[in-house]
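Visitor: I'd like to go through this one label by label. Can you take me from the numbers to the words?

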Amino acid sequence: MTLIDVRNYYRKKLENYYSKSEIDFYFKILISSFFDWDSTLIALNPKKQLTKLETNKLINTIKNLKKFKPIQYITGESFFMGFKFIVNKNVLIPRQETEELVEWIISDNLDFKKKINAIDIGTGSGCIAISLSLKKRNFNLTAIDNSNESLLVANENARLNKVKINFINNDILKPFNDKTIYDIIISNPPYIPDSENKNLEDKVLKFEPNNAIFVDKKNPLIFYKAIIDFSISNLKKDGKIYFEINPIFYNSLLTLVESYNKFNLVVKKDISNRNRMIRLNRKNE
């Protein structure tokens with residue numbers, strides 16, 4: 001089959017599941033990821049003859065697309081801050097909102113000479129820690145997660161991007177011994193109440209790790225409180241905590257932070273004008 005024949009076959013098989021533009025977009029991603037072909041190849045050389053192996057590799061993805069499996073899990077890769085990351089069912093697919101969090105951290109810390117000790121709590125694929133390490137060579141990054149499977153992916157991503165991160169298997173909800181005093185603490189913890197799962201798309205609910213998405217609706221701020229508690233002994237005076245948050249919990253988070261009387265809070269809106277990130281500046285007591 002030719003390249004254009006396979007694309008037309010895709011359109012026919014997936015027309016009841018996606019728009020034509022979505023199908024074409026996914027097809028371009030697949031040929032780029034699988035064969036390292038430029039997406040313009042379809043327009044420039046539509047009659048390129050595919051081998052049987054190449055044809056089968058593409059056609060075999062149709063069944064997963066019909067199940068609405070995210071394209072990132074089909075290709076096994078995602079891009080974050082312009083860098084490539086390996087992803088699988090054990091880690092969340094990096095989101096644009098989280099890129100905004102990383103960009104905020106970078107813009108807040110422009111001094112490249114000052115050594116910064118930072119910890120990423122609930123690192124998942126490692127996208128936050130690795131991107132910061134690539135963008136800010138003066139950052140010394142530690143990253144923790146309670147999932148060995150996630151840490152395997154994160155370690156592979158660090159090797160892929162040629163950075164050194166201190167990955168540790170720890171659960172922030174349980175006491176652990178860490179005597180390091182950090183300049184910056186970062187986290188994008190689970191923040192969607194489990195009662196909201198019915199409102200999520202199948203591609204999220206059925207394929208992404210639910211324990212990295214959902215939190216008990218009776219205690220939705222559990223991770224934020226645990227991280228702030230950790231900061232009391234592990235964040236230096238005038239240090240900062242950066243959180244990605246669920247906008248619906250902003251007021252509750254504000255009340256929680258005020259109860260400590262140790263931080264000044266700054267909120268930052270995302271590209272959709274929602275309260276999506278907060279920074280806690282520790283008071284220099």
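Visitor: What makes the meeting of R276 and D270 a salt bridge?

Guide: The test is a side-chain nitrogen of Lys or Arg within 4 Å of a carboxyl oxygen of Asp or Glu. For R276 and D270 the N to O distance is 3.3 Å, so the pair passes that cut-off. Keep in mind that this is a predicted model, where local features need pLDDT of at least 70, side-chain atom pairs count only at pLDDT 80 or more, and totals for chains, interfaces and linings use all residues. Side-chain values use heavy atoms, with hydrogens and water left out, and residues are numbered from 1 along each chain as its sequence is written.

Visitor: What makes D202 and K206 a salt bridge, and how exposed are they?

Guide: Their closest N and O atoms are 3.6 Å apart. K206 has a relative accessible area of 58%, so it is exposed, while D202 has 36% and is therefore partly exposed. K84 and E77 also meet in a salt bridge, at 3.6 Å from N to O. K84, with 36% relative accessibility, is partly exposed. A search of the whole structure gives 13 salt bridges.

Visitor: How do you know that β1 and β2 are paired?

Guide: Strands are DSSP runs of E with at least two residues, helices are runs of H or I with at least four, and both are numbered from the N terminus. Two strands pair if DSSP finds at least two bridges between them. Strand β1 (residues 77-80) and strand β2 (residues 83-86) are joined by four bridges and run antiparallel, so they qualify as a pair. F80 stands opposite F83 in β2. The hairpin has two residues between the strands, and M81 there takes a positive phi near 55°.

Visitor: What makes T98 and E244 a polar contact?

Guide: A polar contact is a pair of N or O atoms within 3.5 Å; within protein, one must be able to donate a hydrogen and the other to accept it, and residues adjacent in sequence count only if both atoms are side-chain atoms. The side chains of T98 and E244 are joined at 2.7 Å, so the distance is inside the limit. T98 sits in helix α7 (residues 96-108) and, at 3% relative accessible area, is buried. Not counting residues up to four places away in sequence, T98 touches F80, I128, N188 and E244, where contact means heavy atoms within 4.5 Å.

Visitor: Why is α8 called mostly covered?

Guide: Eight of the nine residues of helix α8 (residues 127-135) are buried, among them C127, I128 and L134.

Visitor: Which strands stand at the edges of the open sheet, and why?

Guide: Seven strands lie in the order β5-β4-β3-β6-β9-β11-β10, with mixed pairing. β5 (166-169) and β10 (263-269) each have a single partner strand, so they are the edges, each with one side left without a neighbour in the sheet. Elsewhere in the sheet, β3 and strand β6 (residues 182-187) pair in the parallel sense over four bridges, and I119 stands opposite I185 in β6.

Terms used
Buried means under 20% relative accessible area, exposed over 50%, partly exposed in between (1.4 Å probe, protein chains only).
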